[in-house]
Amino acid sequence: MDWRRFTIIALVIAIMIGTVVSIGLSQNPPLVIIVSMLATTIAVATPLTLGALSGIYCERAGVVNIGIEGMMLAGAFFGWLGAIYMNTVFHFPAMPSLLAGVIAAILTGAVFSLLHAVLSITFKVDQIIGGTVINILAAGITGFLNRQMFFGAGSVFGGQVPHSPGVLPSIHVPILSSIPVFGRMFEQQPITVAAIILVFVTHLVLFYTRWGLRTRAVGEHPRAADTVGINVIRMRYMNVIIGGCMAGLAGGYLTLESISSFEPLMSNGRGFIALAAMIFGNWTPFGAWAAALVFGAAQAMQINLQFFRALIPPQLAALQNSYVVGLSPYLLTMIILTGVIGRTTPPAADGKPYEK
Amino acid sequence: MQSAEEKGTTNRLRGVLDALLVPVLAIITALIVGGLIIWAVGGNAIAAYKALVQGAFGSPRALSETAVWSTPYIFAGLAVAFAFKGGLFNIGAEGQLALGAVAAALIGYALPVWLGIQLSPFIHIPLAVGMGILAGAIWAAIPGALKAYTGAHEVINTIMMNYIALNITSFLLNGPMKDPDPLNVVARTPPIALSARIPPIFPHLRVHWGFVLALLVAVFVWWILQKTTLGREIRTVGANPDAAKYAGINVKRMIIVTMAISGALAGLAGAIEVTALNYRHELGFSIGYGFDAIAIALLGKSNPFGVVLAAILFGAMRNGATRMQFVTQIPVDIISVIQALILLFVAADAIVRYIYRIRAPQDRVVLTRGWGG
């Protein structure tokens with residue numbers, strides 16, 4: 001990840017924040033808007049960051065994973081289901097229920113990624129098709145169980161959605177969160193904090209441990225890795241499952257941290273945007289996080305502009321239309337993928353099954 | 001002793017049976033697993049499947065509805081299968097279909113108003129359908145061109161184009177193209193003119209000539225792929241782009257053409273839904289077609305006739321599911337699970353071969369490649 005690319009990312013985020021600041025200037029002081037934008041950006045980038053980390057683990061080991069979207073959706077549903085079960089059926093208090101939900105979300109991601117690993121590593125199914133299978137399966141199972149359990153007569157919850165245990169409360173980072181004005185940025189919910197920690201952890205694991213070296217060897221040149229005694233199949237399985245846990249946690253963000261309900265297909269393309277963030281970040285944790293923040297900023301802009309809707313000047317009338325702002329992250333992804341902002345190199349053996 | 005000709009026929013027949021074996025076993029296995037899931041949530045799988053079959057084939061009306069459901073599946077399945085033949089993965093059939101529907105609806109209701117005259121159906125229907133085809137083709141050609149000239153992978157780009165299409169469609173159907181009827185509260189276009197409507201085949205049944213057109217288009221796609229130079233070039237690029245380049249084929253142009261034709265077929269699916277069935281476009285009707293189309297193309301092994309069979313199967317399941325939910329209270333969504341399982345067993349044919357102890361075929365078909373190329 002080169003400095004040029006980080007500069008471009010910083011510039012794009014600055015432009016987006018600047019736009020909102022200049023529009024909202026007459027109502028709020030700039031600093032308040034900037035801090036609010038940054039805080040929202042960091043929060044809404046969480047599922048993208050975790051999704052991108054998921055992709056990094058899989059692809060650094062040589063397995064393409066376009067099933068992150070499905071793993072996220074399944075994690076969101078089963079995490080939410082776990083929390084509700086603990087809370088409503090077993091009468092646990094809200095906080096332990098939510099934590100159980102987080103664990104359920106992570107395990108769901110692991111189970112779905114195990115399926116992806118079996119398909120792509122053991123059965124050598126085309127990995128993009130394997131990922132598509134995961135996506136369709138996740139959409140089908142969550143849609144079916146959602147209707148069967150909550151809306152079907154005679155089901156567990158008697159045909160109605162039970163009261164949810166709410167969302168995970170914010171963590172106040174000591175010292176940092178007591179800074180005036182800027183402190184707001186350091187009041188984040190636990191999965192968001194975990195995602196940021198995981199960016200650093202992934203960087204250390206990938207580039208400074210034996211595990212990371214082996215992972216990269218398996219993804220770049222599996223035959224050479226095999227020759228020196230690394231178990232290629234095992235390394236790939238482990239990394240795909242670790243990646244699945246990240247994708248499941250990203251799903252947990254959607255139903256346990258962002259809002260406290262589940263809707264069919266609520267992952268809404270985040271898994272695919274996360275892949276774009278991974279590619280733009282050139283398969284590095286910090287690069288992917290930075291790219292995820294760009295998408296987060298685009299979403300934060302959309303959210304913040306709703307408050308200032310009446311203040312948007314006629315020259316920027318396009319921004320008044322929520323659909324124009326709504327399609328911007330997708331358009332941005334396509335521009336990034338063309339490589340006009342710099343070429344990227346995937347791991348050499350990415351997507352290729354290993355034949356002994 | 002068999003003559004050489006008889007031997008050839010026998011071999012071909014065996015080839016067809018071999019090709020059908022794995023998909024059929026995949027369907028059976030998926031239905032068994034689906035039945036176990038129904039049983040696990042406390043339903044009666046036998047009763048559910050019985051209602052499903054009755055709902056799909058039990059009466060002339062059921063058959064008509066199965067054909068109605070199958071029509072867009074055939075077009076969209078052909079779209080994905082066509083791209084597969086060219087080595088491309090078009091996950092964007094959904095967006096192409098939606099924009100095809102929007103374009104056909106626009107021509108359908110607005111053209112007579114713009115021109116201020118009554119149009120003959122022989123002019124109006126081809127114009128509306130043609131516009132839908134064009135919209136789909138353009139929408140798919142964009143990721144094709146990006147792939148050809150920048151190497152950006154079509155999988156992510158076609159998905160992004162789906163979301164962009166969804167935003168554009170939402171904008172149009174809530175804004176400039178919204179049905180001005182004072183009673184209307186949903187995002188939909190006004191009804192299309194009578195002159196743009198494709199009639200039903202039989203009175204009192206909804207099955208329309210679009211279904212017949214879908215079957216003809218399947219033959220046409222087979223003809224293009226197998227009997228024309230264009231088809232040969234597309235298949236060569238799909239099988240081995242490097243070899244195609246050395247053979248003097250313009251690979252970049254072929255990628256764009258393949259995506260455009262694929263998108264045209266998806267756009268046709270949307271246009272037919274508007275001109276032959278709904279007589280307007282309403283937001284949200286097209287959700288899920290894109291992924292269903294992928295499953296259909298894979299189940300049909302990218303063969304146009306296989307796609308028709310797979311599309312009719314999926315159409316029958318979707319249609320029968322309504323009755324199944326009504327009779328047995330099993331949610332229609334179980335169909336999505338069964339479809340995903342079918343796809344799983346078709347994609348991982350090694351699982352099916354292992355369960356039923358079938359030998360593996362000699363050659364494997366490569367459908368897609370990783371990010372690199």
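Q: Which helix of chain A holds the place of A:Y57?
A: This is a predicted model, in which local features need pLDDT of at least 70, side-chain atom pairs count only at pLDDT 80 or more, and totals for chains, interfaces and linings use all residues. Residues are numbered from 1 along each chain as its sequence is written, while chains are lettered from A and ligands numbered from 1 in the order in which they are written. Helices (DSSP runs of H or I, at least four residues) and strands (runs of E, at least two) are numbered from the N terminus. On that numbering, A:Y57 sits in residues 46–60, helix α3 of chain A.

Q: Is A:Y57 buried or exposed?
A: A residue is buried if 20 or more other C-beta atoms lie within 10 Å of its own, exposed if 12 or fewer, and partly exposed in between, with C-beta atoms placed from the backbone. A:Y57 has 27 other C-beta atoms within 10 Å, so this residue is buried.

Q: Which residues does A:Y57 touch, not counting residues up to four places away in sequence?
A: Two residues are in contact if their C-beta atoms, placed from the backbone, lie within 7 Å. With residues up to four places away in sequence left out, A:Y57 touches A:N239, A:I242, A:G243 and A:M246.

Q: What is the distance between the end C-alpha atoms of helix α5 of chain A?
A: The expected span of a helix is 1.5 Å times one less than its number of residues. For the 29 residues of α5 (residues 94–122) of chain A, that should give 42 Å. The model agrees, because the end C-alpha atoms are apart by 41 Å.

Q: How do helices α7 and α8 of chain A lie, roughly parallel or roughly perpendicular?
A: Axes are lines fitted to C-alpha atoms, for helices over the stretch in contact, and angles run from 0 to 180 degrees between N-to-C directions. The axes of α7 (residues 190–208) and α8 (residues 210–220) of chain A come within 5 Å and cross at roughly 70°. Angles under 35 degrees count as roughly parallel, over 145 as roughly antiparallel, 65 to 115 as roughly perpendicular and the rest as oblique. That makes α7(A) and α8(A) roughly perpendicular.

Q: Which helix gives the largest share of the side of chain B that touches chain A?
A: In this pairing, 41 residues of chain B are in contact with 42 residues of chain A. Several helices of chain B each supply at least two residues of that side, including α5 (121–150) and α13 (334–347). The largest share, 10 residues, comes from α6(B).
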